[in-house]
Amino acid sequence: MRHQSRIAFILLLSPLVLWLGLLILIPHVDMLLISLRERVSFGVYETSLTQYKKALTEPLYLRTFWRTAVMSVLATAITLLIAFPVAYYIAKMAKGRLQQVLFMLCLIPFYVSELVRTFGWMILLRETGIVSNLLQWTGLADQPVELLYTDATMMVGLVYTSMLFMVVPLVTTLESLDDSVIEAGYDLGGNGLSVLREIIIPHAMPGIVSGCIVVFMLSLGNYLTPTMLGGKDSLWFTEMIYNQFIVRSNWELGAAFGFMLLVLSSVIVWGMLRLTGRTLKETMG
Amino acid sequence: MTPDLECVDLVKRFGDTTAVDNVSFSVPPGSFFSILGPSGCGKTTIMRMIAGFLDPTSGDIRIKGGSVLDTPPNKRPVNMVFQHLALFPMMTIAENIGYGLRRRGMSRDEIDRKVDEALDRIGLPGIGGRKVDELSGGQKQRVAIARCMVLEPDVLLLDEPLGALDLKLREHMKVELKALQAAFDTTFVYITHDQSEALVMSDQIAVMNAGRFEQVGSGQDLYYRPGTPFVAGFIGESNRWKGRIERAEGGVMQLRTDTGLAMRAAGAALSEGDNAEIFVRPETIRLAGSAEALSRFDNQLKGTVTSLLFNGAASRVLVQDDAGEILEVTLPQSGEFASLKRGDTVHIGWAADQAACFGAA
Amino acid sequence: MIPTIPQSRAFRLVYGGYVALFFLYLALPLTVVAVFAFNDSQFPSLPWEGFTWNWFFGEERPQIGVFHERGILRAVGTSAFVAVCVAVLSVGVGTTNAFLFNRYDFRGKGLLYVLMLLPLVIPGIVLGISILVFSSTLANGVWDLAQMDIQALRPGLLLVILGQFSFITTIATLVISARLQKFDRTLEEAALNLGADRLTAVRTITLPFLAPAMIGAVVVAFLMSFENFNTTLMLVGSDAPLTIAMFDRLKEGSTPLLNSVSLLLMLGSSLLALLVILFQRRP
């Protein structure tokens, strides 16, 4: 029996180890090694920090890096602000059928490819788009208005794309808050604001944290939305990675960029977990 | 003296169903008032209307003489201990107890002092820094009460707060709740479906059924002088029959049950030919070895013991008479019947005025 | 702020209005995509030139419909092939992972669990390039050693499948673990007690219990793979899956053909999603 159980254990362990080892750990180590080398001549490389030096001194690279970080944080904050009242409505105000229908309505758009969603925004917002036509028709504009290719448009797209990943964890945690706890808050003299601050938000914290982490990650790693909706100056860090790898075939610099993005996301995720005293296991598992 | 709480012609309808049907009662200051009834009888609806989480369809709720219908729940001078307590899991014990005080804008020092005082009062000094889930069921119970009592409410509402506790603890908390009520000297309104909780703790009990109050009175009243068949059946246990009055004279009636048993009963003013419901408690039936010992009882039967239901002080025997009728009889603990066993022949008897008799449709 | 707390009428109206606006925001882009699939024009934009089915069934230029457009059909086939592979692989590994984490205690379990979650917090593009880099290191190594060129290690479908598998497995593991945790171990013990061996007990009792979660995970994995863009973009070779093919066309300028493809995608994935929801609601 013990022997059998040992074999079963090894059989179960090996796919996990193969998967994590061959597809996650070793590739990232390899990527790190590549980012740490410099091509001296054809086929000859030597270890150096040149790529990182380049990445950290070139103003365009650095600016894009910080811009991506700041905009992602902003997109996360806006998503949270928009999603919270909606999630609260679904979890606590709507009852029975309505609740289920609203929740489903939230889910369904996200079973559709991000490409389609972005395409939708393009149809709406481009110069010949619906909104532009609407503005002309109502007389608010006297000529076609180009609404694409600005930071604000990109923000609209980013928020839209990651909305689900904020709404779902929020609804789940808010639903687990017993109505009687909210009633007790009122019964003991609280009003809407104090109940929100002292009872509802602290209770929803796990959902807020996991929602924010996922939304932040998705924004940071987004490629489509900034490419299709963002302007020429609103370069996103993922576009630079793509450019180095596919367009310029400069894998060393591209790998260094990839690593910077990974470090940035790890630091922010770690910081968020640290700030709220939670672990990755609790938040994602 | 103005009653602390007064409900006048209270009605609550949800669509077509009437959850609370014209209920009126008043609770004098400092008393322990219970609403006792099976689940779904409307007792929780009454409590939530008093707390302000439901609006009555009609009628009035007055606290210390003034109507509170237009007062939102967070401004009403009543506080509530919720069924599952609803302690705030995101706060410490001290923060829980201080919550209402913070809402009143009390200074931090004063809140700390009051919280400590309350913790002393409930016999849990020094636990203010702990988390809610570190406490035992009984401790949580006391914290939930303290959380309300620091606000010095005119009325404290308790919604089956002992339901989640295990049996031993529940017995203990009954005594403790009563003591806490005396210590705080506040009016308690307590709802429960557990008659023993209501009987042990209350000054007054309202028995509720299908949206109406059946009877309001002390525990003794309800137990010894039930006013309706529902109360007689709900409080305590009974052998019960349906039957017809054969003869009525001077308050004592001769009747025959549908199963053919003849008996004498006192009570309701019924006349010959009326249908009746009869309730006889097992503890009022006397067990004897011979018929002579029962000569002073109006009702006497001879039967065979078919089963012994041993349950300590509450032990019973099932006795089957010659006609096949089975009666539950309390087994006296005096030792007299210690050797009683299945198949023994016994005599049983009870007085006519121990049988509660009500008219039936 | 729950229905039992009295609130002013104005507050309820404003709140309800806000929620309605939110759902309008959700529905707007998808609605316009769907509507313009029927526009009898070369561009998915106003003015509205009339209703047509041509973007679905049209056979001749300039309005070739989805069902006659070879490139799109081939891309759909590629995507479906990739998605099936990814779904089968990731649910298989997800199931073994779930059993491993649920049934065994071993040193390093906590660490492995966190590692297992990591793919969720690695940006898709970074996952893609790391696998690209590693596979080409491997391919170069093999070339240096044996002068053999292994095409499978160059950008192409195998890498796309592996890249998507690398993070979808985490999601499959979480979905299946959640259900396995609810499993009552005594049922398995009862099976053993009634004469089954351990493997039979798992096969006849535990796996049927897990089936709804596994089917759910297959569908979710399929949809995620079908829609994946970021990881695929870095690993794609000459056979482009649908999202990449659409992206390329979108860059060149869009025709309502893309709308009709999108509409079909929406219908397909909603249908699948609804099926799963219905299937899982059945007790």
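A crossing of two helices is left-handed if the near helix is turned anticlockwise from the far one by less than a right angle, and right-handed if clockwise.

**Ground rules.** I am reading a predicted model, where local features need pLDDT of at least 70, side-chain atom pairs count only at pLDDT 80 or more, and totals for chains, interfaces and linings use all residues. Residues are numbered from 1 along each chain as its sequence is written, while chains are lettered from A and ligands numbered from 1 in the order in which they are written.

**Helix pair.** I looked up α3 (residues 59-93) and α9 (residues 192-220) of chain A, which pack at about 140 degrees with axes 9 Å apart (axes are lines fitted to C-alpha atoms over the stretch in contact, and angles run from 0 to 180 degrees between N-to-C directions; helices are DSSP runs of H or I, at least four residues, and strands are E runs of at least two, numbered from the N terminus). So α3(A) is oblique to α9(A) (under 35 degrees is roughly parallel, over 145 roughly antiparallel, 65 to 115 roughly perpendicular, the rest oblique). I noted their crossing as right-handed. Residues making the contact include Ser72(A) of α3(A) and Gly211(A) of α9(A) (contact: C-beta atoms, placed from the backbone, within 7 Å).

**Chains A and B.** Next I found that their contact takes 18 residues from chain B and 15 from chain A. On the chain B side, β6 (78-81) and α2 (93-103) each supply at least two residues. Helix α2(B) gives the most, with three.

**One residue.** Last, I checked Ile129(C): leaving aside neighbours within four places in sequence, its contacts include Met31(A), Phe245(A) and Met234(C).

Definitions and conventions: Contact = placed C-beta atoms within 7 Å.
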